[in-house]
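Me: I would like to learn how to read the features of a protein model step by step. Could you take me through the one shown here?

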Amino acid sequence: MSEIPANGRIGLPRFFFHVRKFRQDLSRDEFGFDLPDVETACLMTISVARDLRVVFAADGRNPQDYAVEVRNAADELVFQLPFSAAFDHQEPQLPGIFPQ
């Protein structure tokens, strides 16, 4: 049975990418992305975190103090990726091994 995404269409699940500074409020993604699966969301999260490293540095913020929370259309936590995990350049690992 297919999940009905936030956009009301049956098809790809929608994932929301929220940025949180550890132990503080988070910046919520109000739009999300329709992606085929959790693995694609994980790979996208790693790529975006690596790209944002420069943005954080330009603002004088340490990106290692942040994490991305990926949630589904029901606002359930799918996985959390600390930015530091994206910077270690190891092979991407499937969600479920990331701390919540």
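Reply: Let us begin with a turn: strands E4 and E5 form a hairpin with 4 residues between them, and Asp75 in that turn has a positive phi of about 65°. Helices (H or I, at least four residues) and strands (E, at least two) are DSSP runs, numbered from the N terminus. The model is a predicted one, in which local features need pLDDT of at least 70, side-chain atom pairs count only at pLDDT 80 or more, and totals for chains, interfaces and linings use all residues. Residues are numbered from 1 along each chain as its sequence is written, and side-chain values use heavy atoms, with hydrogens and water left out.

Me: In what order do the elements of the chain run from the N terminus on?

Reply: The order is β-β-β-α-β-β-α, which comprises 2 helices and 5 strands.

Me: How do I read strand pairing, and which strands pair with E4?

Reply: Two strands pair if DSSP finds at least two bridges between them. Here E1 (residues 14–21) pairs with E4 in the antiparallel sense over 7 bridges, and Val19 has Val68 as its bridge partner in E4. E4 also pairs with E5 (residues 77–82), again in the antiparallel sense, over 5 bridges, and the bridge partner of Ala67 in E5 is Pro82.

Me: Is strand E4 largely enclosed or open?

Reply: The term to apply is buried, which means under 20% relative accessible area, whereas exposed means over 50% and partly exposed lies in between (1.4 Å probe, protein chains only). In E4 (residues 66–72), 7 of the 7 residues are buried, so the strand is largely enclosed by the rest of the structure. Tyr66, Val68, Val70 and Asn72 point one way from E4, while Ala67, Glu69 and Arg71 point the other way, and all are buried. For the chain of 100 residues, 32% count as buried.

Me: How are aromatic pairs described, and how many are there here?

Reply: A pair of aromatic rings is described by the distance of the centres and the angle of the planes. Rings of Phe, Tyr and Trp (its six-membered ring) pair if their centres lie within 6.5 Å, and planes under 30 degrees apart count as stacked, over 60 as edge-to-face and the rest as tilted. By this rule the count comes to 5 aromatic pairs. The rings of Phe17 and Phe33 have centres 5.9 Å apart and planes at 70°, so this pair is edge-to-face. It links distant parts of the chain, with Phe17 in strand E1 and Phe33 in strand E3 (residues 33–34), 16 residues apart. Phe17 is buried, with a relative accessible area of 14%, whereas Phe33 is partly exposed, at 41%.

Me: Which aromatic cluster does Phe83 belong to?

Reply: Phe56, Tyr66, Phe83 and Phe87 form one aromatic cluster. Phe83 and Phe87 both lie in helix H2 (residues 83–87), 4 residues apart, about one turn of the helix, and both are buried.

Me: Which residues of the largest nonpolar core touch the most other members?

Reply: A nonpolar core is a set of buried Ala, Val, Leu, Ile, Met, Phe, Trp, Tyr and Cys residues joined through side-chain atoms within 4.5 Å. Of the 16 residues in the largest one, Phe15, Phe17, Ala41, Val70, Phe79, Phe83 and Ala86 touch the most other members. E1, helix H1 (38–58), E4, E5 and H2 each supply at least two residues of this core, and its largest share, 5 residues, comes from H1.
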